[in-house]
Amino acid sequence: MPATPPSPHSYPPRTSVWFAFVSFGAVIAAQTHAILTSPAEGDMGHLQKIMYVHVPAAWMTFLAFFVVLVFSARYLWKRNENDDLLAASAAEVGALFNGLTLMLGMIWGRPAWGVWWVWDARLTSTLVLFLIFVGYLALRAFVDDAEQKARWSAAVGAIGAINVPIVYMSVTWWRTLHQPPSSPATLDPAYTMGLRLNAIALLLVMIHFIRKRYEIARVERAAEHVAEAAAMGGR
Amino acid sequence: MFNAQPDRALDVSGLGKRFGARWVLRGVSLDVRRGEAVGLLGPNGSGKSTVLRIVATLLRPNAGAAAVNGFDVVREAGGVRGQVGYLAHSPGLYDDLTARENLWFAADMLGSPHAAAEATLERVGLAHVAGDRVRGFSAGMQRRLALARLILRNPRVLLLDEPYSNLDADGVALMNSVIAGILRSGGAALVALHELAPARAMLKRTCTLVAGRIEAPSPERASRDQPVPIPGTD
Amino acid sequence: MAWRDDWRRVRAIARKDLTTELRAKVGFNSVVALGVTILILLGLALGPDAQALRNAAVGAVWLATLFSGVLAFNRSFQVEIETGALEQLLQYPGPRWTIFAGKLLGNLLFVTLMVAIVVAAGIVLFGVRIPAGWPALLGVLALGIVGLVLLGTFYASMASRSRAREVLLPLLLFPMLVPVLLAATTASKALLGADLMHEAGAWIRLLAVYDVVFFIATFIAFEHVIEA
């Protein structure tokens, strides 16, 4: 059997271990800083500190959607399968951060509101966005052909991402027409620095997760290409 | 870069296709010249339909390339569609429309006048049931109607998947006369069959698909360009 | 004239779809029957207090529309897939958007007819009082139907060809329709009341923007998803 030549696709990226340490270190540092330096909030005391993860996680969710949009559109334009793999990685990680945002919102809400769920503007729109991620991932799960999966996910991903601001706006209108938002205020300047630091730290973590997921996807795809060459090459 | 020979009506080179983990085609190469009909033989599930559907631009190959009259099936799919007429194994008709309505729909989509559709109905011998719903048609009648739609397309290259199934002797003769007409005007045909008999007179040569590849011809005829004569027609 | 050819194709597809649906009769009738059944079940679950029902009317009608609409959208592609007609449809010359436009037109008419019946049933079952400004309500309904049909047809073109089509279509479609649901129900409730805060106008504008945005987006995206 002839030796298979090196794959014509570029080798999968290596996620640096160094970067992993830096990003997780940043989170630990930012969280510690925020917990130690921020004052207790009026009504909720130290419960407010959950915001240092909850709010950046929400921001990361939106960022992940944006990444899905960009690379889905790019796939439809250039048909480079790496763009599809990156969009899918961003969607998985985005769903993770979306779930985290929801969980933390509910955990904050239980002592603050007394119930596990209210149809608050932000919580509700976060939930709807989560369902859009889930739909995207379900589509990928139910389509077998790689090229069709990539094309369909790119279309669904781009269209889903376009809807994000519209969903957010409509849910916010739906709630605020009759009462003001009841999410915790994040505008107090005492908290801004902490939020920003944690946002940067969480951004590093998300980048690490997406890169890692993308690396795995590329390795899987490279293995499929090798199998392809073997199936075609044997005589 | 695939350089298709422009004098070939159909040029297929190294075609590979997989469905999930299963490789159906593993490097299929064949060609059809203008004015000739080539048979594609092989057992059920050997991938004959897959080859036809890739050439008809309904599927994208995972490897290799194909071209119809110089149009690449992936990059110039629109051009290919203008050249080919694909007769699938399932007729692809609308059961709740009448035969006439099915053909009028095809005519509208093709930009042909309805009169052409009427004439075609005559030709395939379905004029007497033109106003009946396809749901009540036998398999043979449905195939004739599908053939009528094929004629309406006025294709240069025929891609036929088991075209003789469910046809009676008259139907077989009709199919052959349609194929012959297209060949006479410089067209070509690739016909997937599992049984050679009805097409014996039409086919110039055959290829056999085995395990996703075209079976190599016997040693005396090493090159795939040499015609493999059909037993009984020498 | 290329656009005349394209328009002819769009009309041919729409006419074919509607003829097939109306002849099959079982299709339209069962979808409408389902819509009304859902309304009845909602009435039973949320009633029998007349005021509660009146408050729930708008939501109930829209939910019944969404759930039975899903059936309609899957059916519009089902007919192509069952007999292998989609392959033949993809063989015709001309741009792919004509297929989408034809299906859209067919679905628009189908769903509008269905909604008319469901709304009538809703008015009766939930005791809705028609206000003087009812034409504005029709406008809200129309804009909502357009958004529903645009995304429903688009997602059905994929879901109907995948495994688990029954669950995939609602899963993809419903979260995306949240703005339509919120806008249509809130605006309708405002219009059925006295619309003291002129809320309805803002929601109608949101619906219009939504429809325009997704009209463009789905037409562009359809080219990429219709190929096998």
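How many helices and strands does chain C have? There are nine helices and zero strands, counting DSSP runs numbered from the N terminus, with helices being H or I over at least four residues and strands being E over at least two. Read along the sequence, the pattern of chain C is simply α-α-α-α-α-α-α-α-α. A word on the bookkeeping: this is a predicted model, in which local features need pLDDT of at least 70, side-chain atom pairs count only at pLDDT 80 or more, and totals for chains, interfaces and linings use all residues. Residues are numbered from 1 along each chain as its sequence is written, while chains are lettered from A and ligands numbered from 1 in the order in which they are written.

Chain C comes out much as a globule rule would have it. For 228 residues, a compact globule would have a radius of gyration near 17 Å, and chain C agrees, with 18 Å; the radius is taken over C-alpha atoms, and the rule is 2.2 Å times the number of residues to the power 0.38. Along its principal axes, the C-alpha trace of chain C spans about 55 × 35 × 25 Å. Of the 228 residues, 48% count as buried, where buried means 20 or more other C-beta atoms within 10 Å of a residue's own, exposed means 12 or fewer, and partly exposed is in between, with C-beta atoms placed from the backbone. Take the contacts in chain C between residues at least 6 apart in sequence: 83% of them join residues at least 24 apart. A contact here is a pair of residues whose C-beta atoms, placed from the backbone, lie within 7 Å.

Helix α6(C), residues 134–159, is mostly covered, with 20 of its 26 residues buried. Its 26 residues should span 38 Å at 1.5 Å a residue, and the end C-alpha atoms are 36 Å apart, which agrees; the expected span is 1.5 Å times one less than the number of residues. G47(C), on the other hand, is in the loop between α2 (26–46) and α3 (50–82) of chain C. With 14 other C-beta atoms within 10 Å, G47(C) is partly exposed. Setting aside neighbours within four places in sequence, G47(C) is in contact with A52(C) and L53(C). From G47(C) to I216(C), 169 residues along the chain, the C-alpha separation is 41 Å.

Chain A meets chain C through 24 residues of its own, in contact with 22 residues of chain C. On the chain A side, α4 (121–142) and α5 (146–176) each supply at least two residues, and α5(A) gives the largest share, 14 residues. By class, that side has 19 nonpolar, four polar and one charged residues; Ala, Val, Leu, Ile, Met, Phe, Trp, Tyr, Cys and Pro count as nonpolar, Asp, Glu, Lys and Arg as charged, and the others, Gly among them, as polar. Elsewhere in chain A, the 33 residues of helix α3 (residues 81–113) should span 48 Å, and the end C-alpha atoms agree, at 46 Å apart. Just after α3(A), G114(A) takes a positive phi of about 90 degrees.

Chain B brings strands into the picture. Its strands form an open antiparallel sheet of four, in the order β2-β1-β4-β5. Strands β2 and β5 (71–72) stand at the edges with a single partner strand each, so one side of each is left without a neighbour in the sheet. Strands count as paired if DSSP finds at least two bridges between them; β1(B) (residues 8–19) and β2(B) (residues 22–33) pair in the antiparallel sense over nine bridges. Within this pair, V12(B) has L30(B) as its bridge partner, and R18(B) stands opposite W23(B). The two strands form a hairpin with two residues between them, and G20(B) in the turn has a positive phi of about 65 degrees.

Between chains B and A, the contact takes nine residues from chain B and six residues from chain A. On the chain B side, β1 and β2 each supply at least two residues, with β2(B) giving the largest share, three residues. That side divides into three nonpolar, four polar and two charged residues.

As for confidence, pLDDT is the predictor's own score for each residue, from 0 to 100. Chain A has a mean pLDDT of 85, and 85% of its residues reach 70 or more; for chain B the mean is 87, with 89% reaching 70 or more. pLDDT stays under 50 over residues 1–8 of chain A and over residues 218–227 of chain B. Where pLDDT is low, the predicted coordinates should not be read in detail.

Note on methods: Contact = placed C-beta atoms within 7 Å.
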